[in-house]
Amino acid sequence: MDEVLDNVDARTRNFLLKSSLLRSMNDALIVRVTGEENGQMQLEEIERQGLFLQRMDDSGEWFRYHPLFGSFLRQRCQWELAVELPEIHRAAAESWMAQGFPSEAIHHALAAGDAKMLRDILLNHAWGMFNRSELGLLEQSLAALPWSNLLENPRLILLQAWLMQSQHRYSEVNTLLARAEQEMSVEMDTAMHGDFNALRAQVAINDGDQDEAERLSMVALEELPLANYYSRIVATSVHGEVLHCKGKLTKSLAVMQQTETDGPPSRRMALRPVEHHSAKRNPLRPGLPAGRLGEPGESLPAGTRTAS
């Protein structure tokens, strides 16, 4: 493979090295990452030269390098373009975001070591990723952010706590939320407290503590504005489940039916839960996994300011 790379001209070599950082590529990505004006033409020329480029679709819009050749190019890129790597990855992340692929953008934000970019992507797209079960990538992303950065954005604390909840790490959820509340320099608003308490209620019912679950769910419903649809649905569902467990079936049914009307009409069809493979099934709410909030594509729940 060294011979292949050494036998191309300098422009093609630069193109190969920079574009190898993309797991898949199209015209817009190539233009942004390599600086070439006609990315599609360059890709087709690379393909014509037999440089281990594969088409990914019938339209010929998407390409990728053969895995072995791509791995070789990325290694050489790290050696030869080490100083430029962070900026190349930032450019790739921006291009992926412009095309609506936040998960791919996150991979490049992580590689660039750009905490601000990573934070901004998570604040706007994390719940959609959560509902698509991209839990490993979310955990990796949150682990890459400084704790101080999370404290400035309580919605990210909430996300991390829901990840723990979805993995049945119930004691860690309460520890994380308590630590965050204690160490935040600015007091959270009431709505954010409601989001925290709705999650605590979910943890309590999953842990079999019906009385605490009922108390927390009622506190959360008092704190949450009507606009916080999904946390209200969680709290209401927990309340209904407690009533069911206590044998108050008529009241339980009425409360559970309330969850169907808590969201705006345009979103009620979207309230059908997403099942995570790792989630426990709930006998009263068989589709609702531990950790369901929102719907694919929505931003994090309201309640706190986004850091500048």
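Modeller: Quick definition before we start: a helix axis here is a line fitted to C-alpha atoms over the stretch in contact, and angles run from 0 to 180 degrees between N-to-C directions. Keep in mind too that this is a predicted model.

Biologist: OK, then at what angle do α14 and α15 cross?

Modeller: The two helices are α14, residues 210–223, and α15, residues 229–245. Their axes come within 9 Å, and the crossing is left-handed. As for the angle, the axes cross at roughly 145°.

Biologist: Which residues of α14 make that contact, and how do the residues on both sides divide by class?

Modeller: On the α14 side you have Q210, A213, E214, S217, M218, A220 and L221. Facing them from α15 are R232, A235, T236, V238, H239, V242, L243 and C245. Sorted by class, the residues of this contact come out as nine nonpolar, four polar and two charged.

Biologist: What is the handedness of the α12 and α13 crossing, and what classes of residue make the contact?

Modeller: The crossing is left-handed. From α12 come Y170, V173, N174, L177, A178 and E181, while α13 brings H193, F196, L199, R200, V203 and N206. By class, that's seven nonpolar, three polar and two charged.

Biologist: Let's switch to S24. Is S24 buried or exposed?

Modeller: S24 sits in the loop between α2 (10–19) and α3 (27–34). Its relative accessible area is 12%, and the cut-off for the inside class is under 20%. So S24 is buried.

Biologist: Which residues is S24 in contact with, apart from its neighbours within four places in sequence?

Modeller: Contact here means heavy atoms within 4.5 Å. With the sequence neighbours set aside, the partners of S24 are L29, M56, W62, F63, R64 and W96.

Biologist: Zooming out, how much of the protein chain counts as buried?

Modeller: The chain has 16 helices and two strands, and it exposes about 14,800 Å², with carbon and sulfur atoms supplying 50% of that area. Of its 308 residues, the share that counts as buried is 52%.

Biologist: Last one: among contacts with a separation of 6 or more, what share comes from residues 24 or more positions apart?

Modeller: That count covers the protein chain and takes contacts with a separation of 6 or more. Residues 24 or more positions apart account for 61%.

Note on methods
Residues numbered from 1 in each chain as written. Predicted model: local features only at pLDDT ≥ 70, side-chain atom pairs only at ≥ 80, totals over all residues. Heavy atoms only, no water. Helix = DSSP H or I, 4+ residues; strand = E, 2+ residues; numbered from the N terminus. Buried < 20%, exposed > 50% of the residue type's maximum accessible area, 1.4 Å probe, protein only. Areas by Shrake-Rupley, 256 points an atom, 1.4 Å probe, with all protein chains shown as cover. Left-handed = near helix turned anticlockwise from the far one by under 90°. Nonpolar A, V, L, I, M, F, W, Y, C, P; charged D, E, K, R; others polar.
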